[in-house]
Amino acid sequence: MHVHTCLSPCGELDMHPSAIVRAAVEAGLDGVVICDHNAADNVAATGRAARTAGCVAVAGMEITTEEEVHLVALLPDEAAAGVLHARVAAALPGRNAPAAFGEQVIASEDGEVLGFNASLLSGATSWTVGRAADEIHRAGGLVVAAHMDRERFGLVGQLGFVPADLALDAIEVSAATAYDAGRRRYADPLGLPAITGSDAHGPGEIGRALTYLHLDRAEAAEVHRAIRAEGGRAVLGGGRPMEDLALHILDIARNGAEAGATRIEVRVEEDAAADTLCITVADNGRGMDAETAGRATDPFFTTRRTRVVGLGLPLLRQAAETAGGGLTVTSHAGAGTRVEAVFGLSHVDRAPLGDVETTVLVLLAAHPDVELDWTHRRGAHEYSLATADLRAALDGASLASPAGLALLRSAVRHGEQSLSATADSESRTENPL
Ligand SMILES: [Zn+2]
Ligand SMILES: [Zn+2]
C-alpha cells in the first residue's frame, strides 16, 4: 500500500516501473500503491507495466505537509493523480539539488530515463494537514495518515495528537510495528481501518509488510470501496510475511484449502511453564505421499509454479529451529496433512505471533465454506471458535459476507481480549508490586 519509485529522491534508481512490478509479482502481491513524495510522474508508467504483468498499480502520492506530516493519497486513477500532482507542484517551493538530495527520475515502463523532476520533492508543501486532506478529497482520493507509529513524519509524532476535525480515511502502520499492535493503538480508537505497507525504497523491500483486502477484483475503485467498507469489500488485516507466525499459519491453512481440504484445525498453544509455543495446522485435504512430504520442507523443492504470500514450510522450519524448536509434517496421500511447529516461547530469536485476526479473516474470506476449528491457548486459558457454530448464527449468510466477516472479527477479538486480560491479571498476581 506504499511503494516509492526512482522519482523519490530517497528511492533507489532501480525502483523503475517494471522492476517494481516484477518484485511485487514475485512477492505474491496482486497490487501495489505507488506513492512518491509530492509527485506522481511515474504513476502512469507503473500502471502500464502492472497491467502488462496482470497486477495493479494504484495511483497515489505521499504529501509532506507544512507541519512535516506525511499523508498518503490513495487516488482513483491516473487522471486524478495528474490533477493532484499539479496542485502539489504549485504548493511546493524550492528546486532539487540532485547532488545533495538525490536524482528524481521520471521513467518509462521499461525503465528508460525520460527526464527528471526539478522540484524539491523532499521538501514540505505549504499545505497544513487539513488543507492537504481537503485537496486529496477534492481530487477524489482517500487520506491515509502515513506510518502513524513513526515519530518522524508521522501525524502523532509531529503534532502530538490527531486533530479532531481532520478527515482521515485510514491509518497506516509501518513495517517497523506489528500490525495488530498498531491497529489497536492508532486505528481502533478512531474507528478507522488500519492498513500497512512496505514503504519500499528498493525492490527487495516490496512486500515486507502487506495489507489483505477483500475485493471483487484488483483495481483502484475496489481498494477505495474496501477502505470505506462499502458493498461487502473490507480491509481484512495485514502483517509482515517474513516475520509474523500468524501469516505462516495462514499460508499453511490456505494451501490446505487449495488442496481440497474441507476441514482445517488450527491450535496455537503458548505454555510459559514449558517455555513452548506450539502451532498445529491439520487438514483433511489431498495430503502428500511420503516422498513429497519428506521433501516439503526442503527449500529447493516446490510444487508451486509461483511463490504466493507466505514462506512455505522450509522457512517455517527454519524459524522454528532458530527459536530452539522444530517442525514435523505428517501427511498421507488422500488423508490430509498435519503440520506441527514448536518454538521456544521466550527464545530471543522467536518470531512474533502477529495478528491472528488476519489469519482467520483472510482464510475464511477466501474459503468461506471450509470448516475451521480454531483454538488459541495461553497457559490455563483458551478460547475456541468453530465455523459451524458461527454459521448457525448467520442464518444462511456466507462467512465472507459483511455479516460473516463482522461476526468472525468480533469472535476473534473477544477471544484474544480474554487471553490478554487473563495474562494481565496473572502478571499482577505474580507481581503484586
Ligand atoms: Zn513517509
Ligand atoms: Zn514513504
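Good morning. A reminder before we start: the model is predicted.

Let's take the whole chain first. It has 433 residues. Those residues give 14 helices and 16 strands. How does the radius of gyration fit with a compact globule? For 433 residues, such a globule would come out near 22 Å. The protein chain has 23 Å, so the two agree. On burial, 48% of the residues count as buried. Now contacts. Consider pairs of residues at least 6 apart in sequence that touch. Of those contacts, 69% join residues at least 24 apart.

Next, the sheet. Which strands make it up, and in what order? Read across: S13, S14, S12, S11, S15, S16. That is six strands in an open sheet, with mixed pairing. Look at the two edges. Strand S13 covers 326-331, and strand S16 covers 381-386. Each has a single partner strand, so one side of each has no neighbour in the sheet. On average, neighbouring strands here are turned by 5 degrees against each other, direction ignored.

Helix H9, residues 245-258, lies across S11, S12 and S14. H9 runs at about 15 degrees to S12. Helix H13, residues 387-394, lies across S15 and S16. The angle between H13 and S16 is about 55 degrees.

Last stop: leucine 121. Where does leucine 121 sit? It is in the loop between strand S5 and helix H5. Is leucine 121 buried or exposed? A residue counts as buried when 20 or more other C-beta atoms lie within 10 Å of its own. Leucine 121 has 26, so it is buried. What does it touch, leaving aside neighbours within four places in sequence? Its contacts include Ser8, Pro9, His37 and Asn38. Ala39, Asn96 and Gln104 are also among them.

One distance to finish. Leucine 121 and glycine 287 are 166 residues apart in sequence. In space, their C-alpha atoms are 53 Å apart.

That's it from me. Thank you.

Methods: Residues numbered from 1 in each chain as written. Chains lettered and ligands numbered in written order. Predicted model: local features only at pLDDT ≥ 70, side-chain atom pairs only at ≥ 80, totals over all residues. Pairing = 2+ DSSP bridges. Helix = DSSP H or I, 4+ residues; strand = E, 2+ residues; numbered from the N terminus. Axes fitted to C-alpha atoms, helices over the stretch in contact; angles between N-to-C directions. Contact = placed C-beta atoms within 7 Å. Rg over C-alpha atoms; globule rule 2.2 N^0.38 Å. Buried ≥ 20, exposed ≤ 12 C-beta atoms within 10 Å, placed from the backbone.
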